[in-house]
Amino acid sequence: MQQSHLLAPAQQRLFTRLSVFVGGWTLSATEVVGAEEGLNVIDALQALVEHNLVRVLTVEGEPRFTMLETLREYALEQLAEHGEEQHIRQSHARYMLDFATRAEVALWGPRQPELLDAVERELENIRLAVAWLLSRNNAGFAANIVASLFDYWWIRCRFQDAIQLLTGVLTHQQLTDSMRAKALFVIGYVYCEMDHYTTARTYTAQSLALYRSLGNRNGMAVAGAAYALVLVWLDGGNSW
């Protein structure tokens, strides 16, 4: 790729590392994945833009960066050849977990519409991070990302996305009981929102049982409330 050979070595490394993103990325994501001692990430990113290796857009008043798919494929090949792919994909996954946990805390604040849109823009990166983590048998890490976005799945009615991701997570035996209980609660509540009450009962009952075995009172309260709601709907609302 002619343009990449015109870059300084550190700039070339940043170019290859950014190929782990799909559907675009933010400046803060660049600083995490591209971090390197002695490298000014912003200056290096600007060099990639000037050489037409990276495109910059303005979204909600903030810069968002993208890469043509042909360039991304080439950069991914270089990343693998240089032996950095596993390390950088791990950094990508950690960034997505940090993003999801920060969103979980803030989604009911005054910036909710803005944050919901931000999560929407990162869906492809979230799916990619979860798939990679599951391929590395790191189901707990993956479950934490998906479950942390419970409010997003619910508010935006992205039920099928949540079910697809959580179903993959729950097939892994390495999942801790704590994370399994949380994942079971989320998928059970999602099925309840879809009016699939029999399936919802199964998942919420399993979540409640796990939380009870762990002695997690907060988890028992949340899962118990969801389980009770499911039972009411299965009874046609006659229990009210």
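This is a predicted model: local features need pLDDT of at least 70, side-chain atom pairs count only at pLDDT 80 or more; totals for chains, interfaces and linings use all residues.

Biologist: Fine. How many helices and strands does the protein have?

Modeller: There are 13 helices and three strands. The C-alpha trace spans about 70 × 35 × 30 Å along its principal axes.

Biologist: And what percentage of the residues count as buried?

Modeller: 47% of the 240 residues. As for contacts between residues at least 6 apart in sequence, 64% of them join residues at least 24 apart.

Biologist: On to the strands. What order do they take in the sheet?

Modeller: The order is β1-β3-β2, in an open sheet with antiparallel pairing. β1 (25–26) and β2 (55–59) are at the edges with a single partner strand each, so one side of each has no neighbour in the sheet.

Biologist: How many bridges hold β1 and β3 in their pairing?

Modeller: Two bridges, in the antiparallel sense, with β3 covering residues 62–66. Trp25 stands opposite Phe65 of β3 there.

Biologist: Changing topic to helices. At what angle do α11 and α12 cross?

Modeller: Roughly 155°, and their axes come within 8 Å. That angle is over 145 degrees, so α11 counts as roughly antiparallel to α12. The crossing is left-handed. For reference, α11 is residues 177–193 and α12 is residues 197–214.

Biologist: Which residues meet there?

Modeller: From α11 it includes Leu184, Phe185, Ile187 and Tyr189, and from α12 it includes Tyr203, Leu210, Tyr211 and Leu214. Asp177, Arg180 and Lys182 of α11 are also among them. By class, the contact of α11 with α12 has 13 nonpolar, six polar and three charged residues.

Biologist: And how does α11 pack on α13?

Modeller: At an angle of about 25°, with the axes 10 Å apart; α13 runs over residues 217–234. Since that is under 35 degrees, α11 is roughly parallel to α13. α11 passes α13 in a left-handed crossing.

Biologist: Who makes the contact in that pair?

Modeller: Phe185, Tyr189 and Cys192 from α11, against Val222, Ala223, Ala226, Leu229 and Val230 from α13. The classes here are eight nonpolar, no polar and no charged residues.

Biologist: Now a single residue. Is Ile145 buried or exposed?

Modeller: Ile145 is at 0% relative accessibility, so it counts as buried. Ile145 sits in α8, which is residues 139–148.

Biologist: What is Ile145 in contact with, leaving aside neighbours within four places in sequence?

Modeller: Ala93, Met96, Leu97, Ala100, Ile126, Ala129, Val130 and Leu133. Met96 is 49 residues away along the chain, and its C-alpha atom is 7.1 Å from that of Ile145.

Biologist: Great, that's what I needed. Thanks!

Note on methods
Residues are numbered from 1 along each chain as its sequence is written. Side-chain values use heavy atoms; hydrogens and water are left out. Two strands pair if DSSP finds at least two bridges between them. Helices (H or I, at least four residues) and strands (E, at least two) are DSSP runs, numbered from the N terminus. Axes are lines fitted to C-alpha atoms, for helices over the stretch in contact, and angles run from 0 to 180 degrees between N-to-C directions. Angles under 35 degrees count as roughly parallel, over 145 as roughly antiparallel, 65 to 115 as roughly perpendicular and the rest as oblique. A crossing is left-handed if the near helix is turned anticlockwise from the far one by less than a right angle, and right-handed if clockwise. Contact means heavy atoms within 4.5 Å. Ala, Val, Leu, Ile, Met, Phe, Trp, Tyr, Cys and Pro count as nonpolar, Asp, Glu, Lys and Arg as charged, and the others, Gly among them, as polar. Buried means under 20% relative accessible area, exposed over 50%, partly exposed in between (1.4 Å probe, protein chains only).
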